[in-house]
Amino acid sequence: FEETRQTIEQVNTLFRDPDKTTFVCVAIPEFLSLYETERLVQELTKYEIDTHNIVVNQVLFAEPDICRKMVARKRMQDKYLNQIAELYEDFNVTIMPLRDYEVRGPDSLKQFAQYLINPYQPPKMTEGPASSTSVVKFIADKHNLDLKEVHNELEEAGLHVPLPLDEQPN
């Protein structure tokens, strides 16, 4: 029993040493995953286990061949990506693209893992994922338009684009 207790104490000490151990959370940009990731981060923090890395998998990007249903799903993901960015501004958040194939096997994993080091850049984009929210804000700012009026007009036209988090009513 004493030997087991000592082993448990050594493991606990190792887990609490950020130079030797860090926990990398993996999530997808959806409500339940974000909720569970936040619970996990809070629990790990309570036990003094380092967790300053989050990998967000299965992210849709505005690529040329995206269909209407995928655009709707992307808008939903954009909302949660914005929340992830706000909640984890002090974390290293890595955005991993949704693939059109299952990532399995050593070769596929090695190819996919490159995005952990070199962020995925979809075709026709210059910096990071362009969300519908950020595009509308960019255009409104560039042309000195009132962002809320632009959103109201888009809504009236049946085009839902979420307001940036700092513009949303409390």
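This passage walks through the fold of a predicted model, from its overall layout to a few individual residues. Residues are numbered from 1 along each chain as its sequence is written. Because the model is predicted, local features need pLDDT of at least 70 and side-chain atom pairs count only at pLDDT 80 or more, while totals for chains, interfaces and linings use all residues; side-chain values use heavy atoms, with hydrogens and water left out.

The overall layout comes first. The chain holds six helices and three strands, where helices (H or I, at least four residues) and strands (E, at least two) are DSSP runs numbered from the N terminus. Read from the N terminus on, the elements follow the order α-β-α-β-α-β-α-α-α. Of the 170 residues in the chain, 28% are buried; here buried means under 20% relative accessible area, exposed means over 50%, and partly exposed lies in between (1.4 Å probe, protein chains only). Among contacts (heavy atoms within 4.5 Å) between residues at least 6 apart in sequence, 64% join residues at least 24 apart.

The three strands form an open sheet with the order β1-β2-β3 and parallel pairing. Its edge strands, each pairing on one side only, are β1 (24–27) and β3 (92–97). From one strand to the next, the twist averages 20°. Two strands are said to pair if DSSP finds at least two bridges between them. Four bridges link β1 with β2, and C25 has I54 in β2 as its bridge partner.

The interior is described next. In soluble globular proteins, nonpolar side chains tend to be buried together. A nonpolar core is taken as a set of buried Ala, Val, Leu, Ile, Met, Phe, Trp, Tyr and Cys residues joined through side-chain atoms within 4.5 Å. The largest such core has 17 residues, of which I54, V56 and Y88 touch the most other members. Elements giving two or more residues to this core are α2, β2, α3 (68–87) and α4, and β2 supplies the largest share, four residues. Leaving aside residues up to four places away in sequence, Y88 touches L34, T37, E38, V41, I54 and V93. A second, separate core has five residues, among them V136, L147, V150 and V161.

T37 lies in helix α2 and is buried, because its relative accessible area is 6%. A polar atom of the T37 side chain lies 2.8 Å from the backbone oxygen of S33, a polar contact in the sense of a pair of N or O atoms within 3.5 Å (within protein, one must be able to donate a hydrogen and the other to accept it, and residues adjacent in sequence count only if both atoms are side-chain atoms). Beyond residues up to four places away in sequence, T37 touches C25, V26, A27, I54 and Y88. T21 sits in the loop between α1 (2–15) and β1, and its relative accessibility of 17% makes it buried. The T21 side chain reaches the backbone oxygen of L14 at 3.0 Å; with residues up to four places away in sequence again left out, T21 touches L14, F15 and D50.

Most residues other than glycine have a negative phi. E48, in the loop between α2 and β2, has a positive phi near 60° and is exposed at 56% relative accessibility. Q58, in strand β2, likewise has a positive phi near 60°, and is partly exposed with a relative accessible area of 41%.

Definitions and conventions. Axes fitted to C-alpha atoms, helices over the stretch in contact; angles between N-to-C directions.
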